[in-house]
Amino acid sequence: MISRNVLIVAATVAASLTLVLGTVFAGTIAAQYGGNGNSGNGNSGNGNSGNGNSAGGNMTGQSNSGNGNMNNGGMNSGSSGDQSTPAYLFKLNKKYMDYNGGIFKVKAGVGNEVAPLTQFFPRIAQINVGESVVWYNPTRVGEPHTVSFVMANNEFAPLFAPYGVANSTQFMTLPPGSNSEPQIVPGTNGTNTIVALNARGYDPFVIGSNGTVSMKAPNLNYTMQGDEKFVSSGFLLPQGLGQEFPGSSSTFAVKFIKAGEYDYVCLVHPWMTGKVIVR
Ligand SMILES: [Cu+2]
């Protein structure tokens, strides 16, 4: 029952294109970090036409740094809906890195209403001790993601989970008459079991090294000690597209003060994984 629920949710939010592109993308990580001096590919193959090739004209308007190379022949800085397609962003990501002044920005999901792409861009962020990574969700639809560091294996937070309630509990639908009802199954010993959204997936949460659980305010700005069991962003939505998810965040910032490798995952799309390397 529970796993079926989770599967339905996963299937609903996931674009099948993701898996295909995800595989392709994984293969480029090595190239991306292998000293990408080569670009200048005149053929973007993504449907852009009449590209005036503006060096440095990146689509988000944010400053670039890191690889110092923006002379890509395929980029079109003119106005075009094509610039949010996964194919375009996939190419863009190979050359584009937003790492300035000790802040490395990572996109949590990209794409548009035609094809949301459930990947982190870039998947690997390498920074120095004392620097920060900031995640944001630039997708053009309200597709939620989380950035969740699950250091202790048993601290994984399922998005939906069963909870016991007294079997006398009455649930009312809000607003009355809406096309919804809570998922309840009979339990034992005078209880029912309700399947509900897990707040530790939905909201920013930290479980410290001693097991202390603390819920945080949205748009968490956190300093990673390195010995936490669980650190999670909560739902990250694109700026202005979070109405369906009250209390959600649009950014998640983490300052790393200890060298090491920090793996993270999206609780909504468990195949979305990323890594922060701190040196
Ligand atoms: Cu996700």
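Here are some notes on this predicted model, point by point.

1. Confidence first. The average pLDDT for the protein is 76, and 66% of the residues reach at least 70. The stretch to watch is residues 1-80, where the pLDDT is below 50. That stretch still has 103 contacts in the model beyond near neighbours in sequence, but where pLDDT is low, the predicted coordinates should not be read in detail.

2. Overall make-up. The count is 5 helices and 16 strands. Of the 279 residues, 30% count as buried. Among contacts with a separation of 6 or more, 72% are between residues 24 or more positions apart.

3. The core. The largest nonpolar core has 38 residues, and Val106, Ala108, Val133, Trp135 and Leu236 have the most contacts inside it. Several strands give two or more residues to this core, among them strand 2 (103-111), strand 3 (116-121), strand 5 (132-136) and strand 14 (251-256). Strand 10 (205-207), strand 13 (230-232), strand 15 (260-265) and strand 16 (273-278) are also on that list. Strand 2 provides the largest share, 4 residues.

4. Leaving aside residues up to four places away in sequence, Val106 touches Phe120, Phe121, Pro122, Ala125, Val133, Trp135 and Gly274. Two of these partners, Val133 and Trp135, are listed with Val106 among the core residues with the most contacts. Two others, Phe121 and Pro122, are the pair discussed next.

5. Cis peptides. Most residues other than glycine have a negative phi, and most peptide bonds are trans. Against that background, the bond joining Phe121 and Pro122 is cis, with omega about -15°. Pro122 sits in the loop between strand 3 and strand 4 (124-127). Another cis bond runs from Leu174 to Pro175, again with omega near -15°. Pro175 belongs to the loop between strand 7 (160-166) and strand 8 (183-186).

6. Positive phi. Asn189 is not a glycine, yet its phi is positive, at about 55°. Where is Asn189? In the loop between strand 8 and strand 9 (191-197). With 16 other C-beta atoms within 10 Å, Asn219 counts as partly exposed.

7. Three strands make up an open antiparallel sheet in the order 7-9-8. Which strands stand at the edges? Strand 7 and strand 8 do; each has a single partner strand, so one side of each is left without a neighbour in the sheet. From one strand to the next, the twist averages 30°. Strand 7 and strand 9 run antiparallel and are joined by 7 bridges, and Tyr163 has Ile194 in strand 9 as its bridge partner.

8. Strand 14 and its partners. Strands of a sheet pair through backbone hydrogen bonds, either parallel or antiparallel. Strand 14 pairs with strand 5 in the antiparallel sense over 5 bridges, with Val134 bridged to Ala253. Strand 14 pairs with strand 12 in the parallel sense over 4 bridges, and here Tyr222 stands opposite Val254.

9. The two faces of strand 14. In a regular strand the side chains alternate between the two faces of the sheet. Here the covered face carries Phe252, Val254 and Phe256, while the uncovered face has Thr251, Ala253 and Lys255. Going back to the bridges, Val134 is the partner of Ala253, a residue of the uncovered face. Tyr222 is opposite Val254, which is on the covered face.

10. A loop to finish. Gln239 is in the loop between strand 13 and strand 14. Is Gln239 buried or exposed? Exposed, because Gln239 has 10 C-beta neighbours inside 10 Å. The C-alpha atoms of Gln239 and Gly142 are 9.1 Å apart, although the two residues are separated by 97 residues along the chain.

Key:
Residues are numbered from 1 along each chain as its sequence is written. This is a predicted model: local features need pLDDT of at least 70, side-chain atom pairs count only at pLDDT 80 or more; totals for chains, interfaces and linings use all residues. A nonpolar core is a set of buried Ala, Val, Leu, Ile, Met, Phe, Trp, Tyr and Cys residues joined through C-beta atoms within 7 Å. A residue is buried if 20 or more other C-beta atoms lie within 10 Å of its own, exposed if 12 or fewer, and partly exposed in between; C-beta atoms are placed from the backbone. Two residues are in contact if their C-beta atoms, placed from the backbone, lie within 7 Å. Two strands pair if DSSP finds at least two bridges between them. Axes are lines fitted to C-alpha atoms, for helices over the stretch in contact, and angles run from 0 to 180 degrees between N-to-C directions. pLDDT is the predictor's confidence in each residue, from 0 to 100.
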